[in-house]
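Let's take a walk through this one together, starting from the ligands and working out to the annotated residues. Have the model open as you read.

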Amino acid sequence: MSAHGPAIPMIARKSGPLNGTAEVPGDKSISHRALILGALSVGETRVTGLLEGQDVLDTGRAMRAFGAEVFRDGATWVVHGVGVGGFMEPDQVIDCGNSGTGVRLIMGAMATSPIAATFTGDASLNSRPMARVTDPLALFGAQAMGRTGGRLPMTIRGAERPLPVRYETPVPSAQVKSAVLLAGLNAPGETVVLEAEATRDHSERMLVGFGAEVDVEDTPQGRLITLQGRPELHPQTIAVPRDPSSAAFPVCAAIITEGSDVLVPNIGLNPTRAGLFTTLREMGADLTYENEREEGGEPVADLRARFSPDLKGIEVPAERAASMIDEYPVLSAVAAYAEGATYMPGVKELRVKESDRIDAMAEGLRANGIEVDEGEDWWRVHGRGFGDVTGGATVASRLDHRIAMSFLVFGMAAEKGCRVDDGGPIATSFPIFEPLMTALGATVEREAT
Ligand SMILES: O=C(O)C1=C[C@@H](OP(=O)(O)O)[C@@H](O)[C@H](O)C1
Ligand SMILES: C=C(OP(=O)(O)O)C(=O)O
């Protein structure tokens, strides 16, 4: 079963050349934050370019349950917010579907209001760890009661008299950092987060945009973020940039399919997100940035990716992991076509995503004739070079959109293609993946059932 219905088996066959322009959807991380911060400000926030993937739609539904109005007005999403501290107690269970970002940020946003809410999700989300968020929320005075091991379904009772918190994140996680900052909004005084490794900083940037006072300082111990509590957030007009994590799929497909030349315009190159593109270039990919510019305070460029027959395996620096954490699955698909091994250390977090992504990719790559070694926090893909990747196996997508898309990209260059048992989860982050890739010239389709 996929997240929202029966499984949708999909096949990608050897394709190419891929040509044309790939207009990928809006950034998922920024879309969630636009809806949540819109709901926490008083007045009308207008959002264009919002990702209409299931994860974000589920966050929109949750914001309604907490009292905000969220609706679509033509191409614009409109949020009428209730203000910091203004959340109502939902009278229904909050179903965040497949989305770790959705549930963890919303838990943070409600944890310092005197209300209770019960959260659930699909089988994937209900198996993911939540203590990483409920531990710091307890310091504000919130209480959590969930299943064994800190899993959903879980009820959070928000703090009656929240205290500000100083917290050092024990894992590199923008979701944990963001949950603490969102909780800090309704606590008096300064909430401080220290993260040893910088993770995506969309919450900090957007909080400033909505009028919160946020100070970010790079220190020898890591990035120190200080938020002044109880601000009045002012509604904003937000143009969501396109998602580099979605751009990764047409970019990687073009790099490994013969004769390809694809333009992926308007991609955010925030350094906390752009690690994959640096890595691909180090591997020898023909990937260029055109028309580099700044938009809404973020570096943006058009990415141009061409077939790159001379890819070399490399060691990906561990300190780059946070800036490409969602891109390791598709990188491992590309690595299969490189000469030599690609070694990816420092990636324990991959084991607690929508699936255990090291295990899911290793199993599927092996079934397709690619050798993979793995340890708890590292893995190594032994590339076979072009012309020597047979493929032809069926892999399990494990309710994980990135696993499904990565194997479909892999199949576009493999002699016998590649089949995934369920492409349904792709709708969580990249609902137009199939028509977009088909328009570029890829052979990717739903199997007749
Ligand atoms: O904050 C965010 O928007 C996200 C943070 C990352 O998760 P972690 O915080 O668990 O690393 C990432 O994997 C996820 O896709 C989106
Ligand atoms: C990890 C991801 O998302 P989330 O944690 O929001 O489910 C992802 O989109 O790759």
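Before we begin, a helix here is a DSSP run of H or I at least four residues long, and helices are numbered from the N terminus. Keep in mind, too, that this is a predicted model.

Start with ligand 1. Which helix gives the most to the shell around ligand 1? That would be α5, with 3 residues. Both α3 (100–110) and α5 (174–184) supply at least two residues each. Around the ligand you'll find Ser29, Gly100, Thr101, Ser173, Ala174, Gln175, Ser178, Arg200, Ile325, Asp326 and Glu349. Sorted by class, that shell comes out as 2 nonpolar, 6 polar and 3 charged residues. Domain 1 (10–26 + 241–446) and domain 2 (28–163 + 174–186) each put at least three residues into the shell around ligand 1.

Next, the record. One "binding site" annotation in the unreviewed UniProt entry covers Lys28, Gly100, Arg128, Gln175, Arg357 and Arg402. Another annotation with that name, also from an unreviewed entry, takes in Lys28, Ser29, Arg33, Ser173, Gln175, Asp326 and Lys353.

Three of these annotated residues are worth a look. Lys28 sits in helix α1 (residues 28–39). Is Lys28 buried or exposed? It is buried, because 26 other C-beta atoms lie within 10 Å, and 20 or more is enough to count as buried. Setting aside residues up to four places away in sequence, Lys28 touches Leu51, Gly53, Asp55, Val56, Asp243, Ser245 and Ser429.

Arg357 belongs to helix α10 (residues 357–367). With 25 C-beta neighbours inside 10 Å, Arg357 is buried. Its contacts, leaving out neighbours within four places in sequence, are Tyr328, Pro329, Leu350, Asp400 and Ile403.

Ser173 has 22 C-beta neighbours inside 10 Å, so it counts as buried. Not counting residues up to four places away in sequence, Ser173 touches Arg132 and Thr199. Ser173 is also one of the residues surrounding ligand 1, which brings us back to where we started.

Note on methods:
Residues numbered from 1 in each chain as written. Chains lettered and ligands numbered in written order. Predicted model: local features only at pLDDT ≥ 70, side-chain atom pairs only at ≥ 80, totals over all residues. UniProt positions renumbered as here; feature names shortened; annotations may be inferred. Buried ≥ 20, exposed ≤ 12 C-beta atoms within 10 Å, placed from the backbone. Contact = placed C-beta atoms within 7 Å. Near = placed C-beta within 6 Å. Nonpolar A, V, L, I, M, F, W, Y, C, P; charged D, E, K, R; others polar. Domains from an automatic or database assignment.
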